[in-house]
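Student: Could you walk me through this one before I set anything up? I'd like to go topic by topic.

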Amino acid sequence: MPSAKSKPPAARKPWYKLLYLQVLVAIVLGVLLGWLSPQIATNEWVKALGDGFVKLIKMVIAPIIFCTVVSGIAHIQDARKVGRVGVKALLYFEVVSSFALLIGLVVGNVVQIGHGLGATGDAAAVSKYVKQAEAQHSVDFVLNIIPDSVVGAFAKGDILQVLLFAILFGFALMTLGERGHRLRDVIDDASHAVFGVIAIVMKAAPVGAFGAMAFTIGKFGPAALGNLIGLIAVFYITAALFVVLVLGLIAKIVGFNIFKFLKYIKDELLIVLGTSSSESALPQLMEKLERLGCSKSVVGLVVPTGYSFNLDGTNIYMTLATLFIAQALGVDLTWTEQLTILLVAMLTSKGASGVSGAGFITLAATLSVVNPALVPGMAIVFSVDKFMSEVRALTNITGNGVATVFVSWWENELDHDKLAAALNQTIDPSDIETAVTTG
């Protein structure tokens with residue numbers, strides 16, 4: 001295979017073919033439609049555009065995770081490395097998640113945006129979330145990782161169940177030695193084919209982003225922000241501070257610039273912004289991280305695991321929203337109760353991963369433990385939760401991307417030349433066909 005230096009520079013794509021610009025234009029058009037014509041924007045067919053795109057992405061998440069994890073493990077000669085990478089990833093997740101919780105707690109105490117609101121909570125409006133939160137138990141969460149059947153895990157698209165089977169299958173393939181090479185090559189080829197499917201599906205990303213954003217604005221309207229605009233602004237700023245300060249420091253330790261990294265994954269960020277779902281960009285993020293110089297085995301283990309265990313945006317939201325509700329209801333939380341928020345949120349953020357409305361469900365679980373009197377106050381933030389869910393998803397996917405690069409660096413399996421080339425854009429990061437042919 002010819003070296004990168006011997007290749008002529010790729011012609012730059014016309015601006016109208018750049019995915020991130022297409023998605024950005026679609027989001028703006030969606031906002032305008034939702035604002036100017038909410039009756040059209042809330043039509044079920046408009047909503048179906050966003051829902052359909054997310055379903056298309058979910059369709060291929062399970063096979064991509066399976067192929068990536070199995071291939072990554074099967075190529076490893078030392079089985080101990082898999083366990084070592086897993087331990088390092090979980091350690092990283094817990095440390096960084098703690099920083100996210102602390103930042104939310106500090107900002108919530110300093111700004112105190114909820115004071116003076118004089119609100120009262122409507123328990124009926126959030127009762128279904130409270131019931132779901134009560135159903136989330138640690139034992140159930142652990143047992144749910146084990147699928148009733150392998151086919152069922154793929155049918156439901158449960159990431160942790162697919163991940164467990166993929167790890168076991170990868171180890172089994174590793175132990176086969178030479179006999180397993182043929183099957184490993186088949187799985188490698190299958191992963192390229194699935195990424196080819198992603199390349200096709202991603203062409204519909206602007207349509208999906210348009211439908212999702214139009215429906216959101218049409219249903220909730222700009223007026224839905226109302227007197228809660230302060231909470232939304234504080235949450236946005238806090239999430240941005242976390243990305244720039246905490247993730248930026250981690251990036252500096254590894255040797256790259258966080259802003260260049262954000263530019264590199266701009267397509268994925270805009271897709272998440274349009275669909276409010278981090279799942280919608282998960283497969284493409286994994287492919288891009290490999291091209292960034294991260295080890296294939298690390299990408300296959302860290303990204304799917306981080307989807308359930310590294311929810312930085314959700315952690316910030318939980319501490320900030322808990323304090324906001326307490327301030328709005330006039331409930332003074334002691335430092336002991338605030339410390340309890342940190343400990344409880346660290347657990348509840350794991351238990352509701354992959355559940356629809358996970359951020360709101362984890363908030364219900366946290367409030368019920370910290371102080372049950374706060375639970376009815378969830379209705380105060382219910383109307384604007386949708387607007388905050390987008391930033392939660394953006395922060396989560398950025399955090400998982402940085403985590404993967406960090407663990408690859410920690411394992412001494414980060415190709416710094418590829419990292420520099422990709423972030424400095426000496427290659428076109430949006431050219432997905434390159435990834436399919438060279439991956």
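**Annotated spans and helices**

Tutor: Let me begin with the record: the unreviewed UniProt entry carries the annotation "transmembrane region" for residues 15-36, 56-77, 89-111, 159-177, 193-217, 229-254, 316-335 and 355-382. Keep in mind as we go on that the model is predicted.

Student: How far apart are the end C-alpha atoms of residues 193-217, and how much of the span is helix?

Tutor: Those end C-alpha atoms lie 36 Å apart, and the span is 88% helix and 0% strand. For residues 229-254 the end C-alpha atoms also lie 36 Å apart, with the span being 100% helix and 0% strand.

Student: And overall, how many helices and strands does the protein have?

Tutor: There are 22 helices and zero strands in the protein. Of its 439 residues, 53% are buried, and if you take the contacts with a separation of 6 or more, 84% of them are between residues 24 or more positions apart.

Student: OK, pick a helix. What does α16 span from its first C-alpha to its last?

Tutor: Helix α16, which is made of the 18 residues 312-329, reaches 26 Å from its first C-alpha to its last, and this is close to the 26 Å expected at 1.5 Å a residue.

Student: Is α16 enclosed by the rest of the structure or exposed, and why?

Tutor: It is largely enclosed by the rest of the structure, because 17 of the 18 residues of α16 are buried. The residue that follows α16 is Gly330, which has a positive phi, near 75°.

Student: Switching topic: which residue has a positive phi although it is not a glycine?

Tutor: Asn412 is such a residue, with a phi of about 60°. Most residues other than glycine have a negative phi. Asn412 sits in the loop between α20 and α21 (416-423), and it counts as exposed because its relative accessibility is 72%, with the cut-off for exposed being over 50%.

Student: What about Ala251, buried or exposed?

Tutor: Ala251 is buried, its relative accessible area being 0%, and its place is in helix α11 (residues 229-254). Not counting residues up to four places away in sequence, Ala251 touches Phe256 and Ile258. Ala251 and Val405 are 154 residues apart in sequence, while their C-alpha atoms are 8.4 Å apart in space.

Student: Which residues line the largest cavity?

Tutor: The lining is made up of Ser278, Leu282, Leu285, Tyr307, Asn396, Ile397 and Asn400. The elements that give two or more residues to this lining are α14 (282-291) and α20 (385-410), and the largest share, three residues, comes from α20.

Student: And by class, how many lining residues of that largest cavity are nonpolar, polar and charged?

Tutor: By class, the lining of the largest cavity has four nonpolar residues, three polar ones and no charged ones.

Terms used
Residues numbered from 1 in each chain as written. Predicted model: local features only at pLDDT ≥ 70, side-chain atom pairs only at ≥ 80, totals over all residues. Heavy atoms only, no water. 1 Å grid on protein atoms, 1.4 Å probe; cavity = no way out; pocket = protein on both sides within 12 Å on 5 of 7 lines; lining within 4 Å. Helix = DSSP H or I, 4+ residues; strand = E, 2+ residues; numbered from the N terminus. Nonpolar A, V, L, I, M, F, W, Y, C, P; charged D, E, K, R; others polar. UniProt positions renumbered as here; feature names shortened; annotations may be inferred. Expected span 1.5 Å × (residues − 1). Buried < 20%, exposed > 50% of the residue type's maximum accessible area, 1.4 Å probe, protein only. Contact = heavy atoms within 4.5 Å.
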